[in-house]
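Me: Hi! Could you walk me through this protein, one bit at a time?
Reply: Happy to, here it is.

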Amino acid sequence: MTDSPIQELVLKVHSLCNLACDHCYVYEHADQSWRSRPALISEKTVKQAARRLAEYAVAEGLDSVSVILHGGEPLLIGPARLRQICAELDRMLSPITELDLRIHSNGVLLRKQHLEIFAEFGVKVGISLDGDRAANDRHRVYRKGRSSYNDVLRAVDILRLPEYQHLFLGLLCTVDVANDPVVVHDALTALGPPRIDYLLPHSTWDHPPPAHGRGTPYADWLLKAFDRWEEQGRPMAVRTFASVLSTLRGGPSLTEAWGLAPSALAVVETDGTFEQADSLKTAYDGAAGTGYDIFRHGFEEFLEHPGVQARRKGIAGISDACHRCPVVESCGGGLYAHRYSTARGFDNPSVFCADLRAFVEGVAERTTERTLVPATTDHDELRAAHVELNRTLLARMNASLAGHPDWEAAWQLLLRLDSDEKADAHIDAILTHPYLRRTLHHPQEGLAHLPHIMAAATAAAIRSGVEATLTWEHPTADVYLPTLGTVRLPHAGRVGFTMTADGFQASAVQENGPSVPTTSWRPLTALELAGRSPILIDDSDPCRDCFPAPTTAPLSPGDLARFRKRLRAAYEAMCECTPDGRVVVDAVVTTITPLVPTSGLCLGAHGLGALGVAVDFDPERFVRELPLLGRRSRLAALREVADLNVVGSSARHMFDTANEEIGAAATASPGPVRSAALQRARQALDQLDALDDAQLTENGTYALEELRGEWRRIHG
């Protein structure tokens, strides 16, 4: 299995377009290969593309794949043919993996007839629109110069109808610095899209963008739009902004245009040829080509193509100048196509280099919180801050699900519980369950996560012992209730839960016939330890796969009992050996999830409190490593609610080093190993001391003094 498989296919279904956008990378740039390709994709090509992707999904064990219908203008293919394509993709892929079908369109042909087809197959629709009428009509016009603006607005209006709004993916806007960014942003947000994506105009060093070399016009434009978005209270996701906000705090990039994540995309043209990303058409004629096609080659071969591999090297594939740049982990060297020059190929920084750096640093400065917060100084306050963070994320999820009848009942129930002091602790227990964070972080995908959120509301009601009834559509027969356990029903579909003070009843709701009750109930167990809250052993949460190693299937009763017994013995031994380490671990470990054999110990990637432990873990290694993992978890948790330094600065790595080395020294016996760790820690602490005062916040200054104090206690 490859480390990073292809998970996104752009399928070109029509190679022509009904607009004449002068910034289009397909028709207006160096590569003119569209001229030699058929206008419409054939049935044979669709079937072969679906077959190849299905084979690849099976070979790689992919949980999901995304197929984007593209062009040209894909709607030119007509509703009947469009339905055939969706049906073929659904037939081949849905039995194998979760299929995420999308279409990117200029929108001018979109009608209800199309959306009925899209509703049938769950096709999400992205629309290109560059702002208000004046901004849009600078570039996006018909061939004789007629405005496309009203036709696009008509498409957006249809997408916003209640019966179709769940299909609205968002708006894509190409930045033109001649347009007013606030006017553009307000025009887009007024249409209520679930997401906006600002795209830099495709350019190279041979053909730089307008205003290139005169300051940082694109950064200035984006920062004004960012400021407006902040003033509005971030009413919807803006992928460009969200990606930078994520990478500045050590998270993943959310787009190929920003960050160092390897490309996971393949393109299949109307004639079945495999190509790389369309943006490469900007560089030179044939830049996107591979020489492969779906009739003679598979996705595995495409993945091994030298050009594809070059775009998957991450930080190893960027220029020397980028390696020296302090914002490289956020900008990632920029979009690969934007690095091109005839003289050096792609071995350059982005032609937008100055703008990328100015934008990242501008966002960092704007979003750094400098005031000392209680979470920095107190473990209990840190946990309370995470509860509050999850409440905020839940409120955002509610905004995306508002109006859905199933969710409305759950939200009203949560509000009722929130007003009951006796239920507070139970709501907090659900909201601090670490695997719920993964769902709450994606409010724009609320409908996809609705079953998990409904189950969480149900668990809160069960724990609180209140009377309530909730029903929803569930994708599997197993319904996992966070912190409690798993209900097994006879089949997937509509489920109903009735809660009382004595417990709950669950059933599969049938349209024509009586409800079918629960088939089985498998509760979670906990590790009971003297003098502290129980640690939940969770081997069932469907979102628990957030560790560097695979999780196990739910354990058998015997295996679970043995695992719990080993954990208790190891934990008690650790507390005897390292009493100081117990304080840290007690504050951050709430949930342990079994991992496959030989995985050791590792932290989860989402939320506070998740620890993965291999079912065959070595007790001595547990005692040795858990305090260090606890320190690492606490620092990561603190960063989610407080800024120690200007986000994205090198101080982050210095804090990591100091924290790790002090932890290593604390668990080492006196001798060379401890001395070396203390020396490395002191170097990192001295580097932090030497930083400009503006680089550290009050939280960072406090954390630095705390680390210095630990260093002095260990050093003696």
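Me: Which residues does E88 touch, leaving out those up to four places away in sequence?
Reply: E88 touches V46, K47 and A50, where contact means heavy atoms within 4.5 Å. Keep in mind that this is a predicted model: local features need pLDDT of at least 70, side-chain atom pairs count only at pLDDT 80 or more, and totals for chains, interfaces and linings use all residues. Residues are numbered from 1 along each chain as its sequence is written, and side-chain values use heavy atoms, with hydrogens and water left out.

Me: Is E88 buried or exposed?
Reply: E88 is buried, at 9% relative accessible area. Buried means under 20%, exposed over 50% and partly exposed in between, using a 1.4 Å probe and protein chains only. E88 lies in helix 2, residues 79–93; helices are DSSP runs of H or I with at least four residues, strands are runs of E with at least two, and both are numbered from the N terminus.

Me: New topic: where do the side chains of strand 11 point?
Reply: They alternate along residues 468–474.

Me: Why do they alternate?
Reply: In a regular strand, side chains alternate between the two faces of the sheet.

Me: And what stands opposite T469?
Reply: That's T498 in strand 14. Strand 11 pairs with strand 14 (residues 493–500) in the antiparallel sense, over seven bridges; pairing needs at least two bridges found by DSSP.
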